[in-house]
Amino acid sequence: MMRNGLSVDVEEWFQVGAFERTIARDDWDDLESRVGHNTGAVLDLFAEAGVKATFFTLGWVAERHPALMRRIVAEGHELASHGWDHRRVFTMDAEAFRADLRRARGVLEDAGGIAITGYRAPSFSIDRRTPWAHRVLAEEGYAYSSSVAPIAHDHYGWPDAPKRAWRPVADAGLIELPITLASLAGRKVVTGGGFFRLLPAAITHAAIAQANGEARPAVFYFHPWDMDPGQPRVANAPLRSKLRHYSRLGAMAGKLRGLVRRHEWGRVDQVVAAEREKLS
Ligand SMILES: [Zn+2]
């Protein structure tokens, strides 16, 4: 069996694109923090299943939860960067992106006591609008990025980007390992997050089987808040955002247990290392 990348984007329930017009960054520190409890539940589930994963974590979260960062590392998982405060890459220029990467990495490395070599852009926001982004990541010493959704979607996507691991910068070793796509009624969706929560698990199983059949490792992702039915409800968010964010939170843990049993999983840096061999 082929090893696939299991990943968690570690952020608070309010640090999501769906609520960015409803909840201001300035108010974040006044909201109930649930990321420690929720990520702890994810770590418990992975320990019980005997799987290792990559935790792409916001610097903002690492600064407030250093003990959680130490636990992620101590339990054999990869700690990696999800940027500082969930600003999407296409809203920044190259120098702002570099500053965001450095600020996050400093805090993650201090808290985790390890080197950070992996990065995932918030909301898969590296696309045609950010032709400088991979070069900045290479210059900052990252080994890989898992930041591209090779898809046409209303909020994100780089439709003509490769679906397998590739080298986005000609003279650098940086590898981009894109998120795997699933098919839903003729449309493509990313594998994980709200789609995994809302749709039958069979769609995800089929996507992973198809990728592995084409000798591509799959990359799957979710958020700690995807498993948290007790999170506060944002009353004045758009209805469509609320439907996506709150449906079937209680079913998530059981679906995840089924998913991790069914396929071979590992840390994203391990998957990238195996792909690097094939590319060279
Ligand atoms: Zn995120």
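## A walk from a buried isoleucine to a zinc site

Ile175 is buried, with a relative accessible area of 0%; buried here means under 20%, exposed over 50% and partly exposed in between, using a 1.4 Å probe on protein chains only. This is a predicted model, in which local features need pLDDT of at least 70 and side-chain atom pairs pLDDT 80 or more, while totals for chains, interfaces and linings use all residues. Residues are numbered from 1 along each chain as its sequence is written, and side-chain values use heavy atoms, with hydrogens and water left out.

Let's stay with Ile175 for a moment. Ile175 belongs to strand E6, residues 175-176; strands (E, at least two residues) and helices (H or I, at least four) are DSSP runs numbered from the N terminus. Setting aside residues up to four places away in sequence, Ile175 touches several others, including Tyr144, Trp166, Val272 and Arg276, where contact means heavy atoms within 4.5 Å. Arg276 is 101 residues away along the chain, yet its C-alpha atom and that of Ile175 are separated by 7.6 Å.

Now turn to strand E1, the place of Ser7. With 0% relative accessibility, Ser7 also counts as buried. A polar atom of the Ser7 side chain lies 2.8 Å from the backbone oxygen of Phe220. Among the residues that Ser7 contacts, leaving aside neighbours within four places in sequence, are Thr54, Arg120, Phe220 and Val268.

Next comes the metal. The zinc ion is coordinated by Glu11 (OE), His82 (NE2) and His86 (NE2), at 2.0 to 2.1 Å. Donors are N, O and S atoms within 2.8 Å of the metal (3.2 Å for Na, K and Ca), and because water is not among the atoms, sites may look incomplete. Glu11 sits in the loop between strand E1 (3-10) and helix H1 (35-49), and His86 in the loop between strand E3 (78-81) and helix H4 (94-112), so the pair ties together parts that are 75 residues apart in sequence. Both Glu11 and His86 are buried.

Finally, look for the largest pocket. Its lining has 29 residues, of which Gly17, Ala18, His155, Tyr156 and Arg244 lie nearest the centre. On a 1 Å grid over the protein atoms alone, a pocket is an open set of points where a 1.4 Å probe fits, with protein on both sides within 12 Å along at least five of seven lines, and lining residues have an atom within 4 Å of a point. Helix H6 (193-198) and helix H8 (239-246) are the elements giving two or more residues to this lining, and H6 provides the largest share, five residues.

Definitions and conventions
A polar contact is a pair of N or O atoms within 3.5 Å; within protein, one must be able to donate a hydrogen and the other to accept it, and residues adjacent in sequence count only if both atoms are side-chain atoms.
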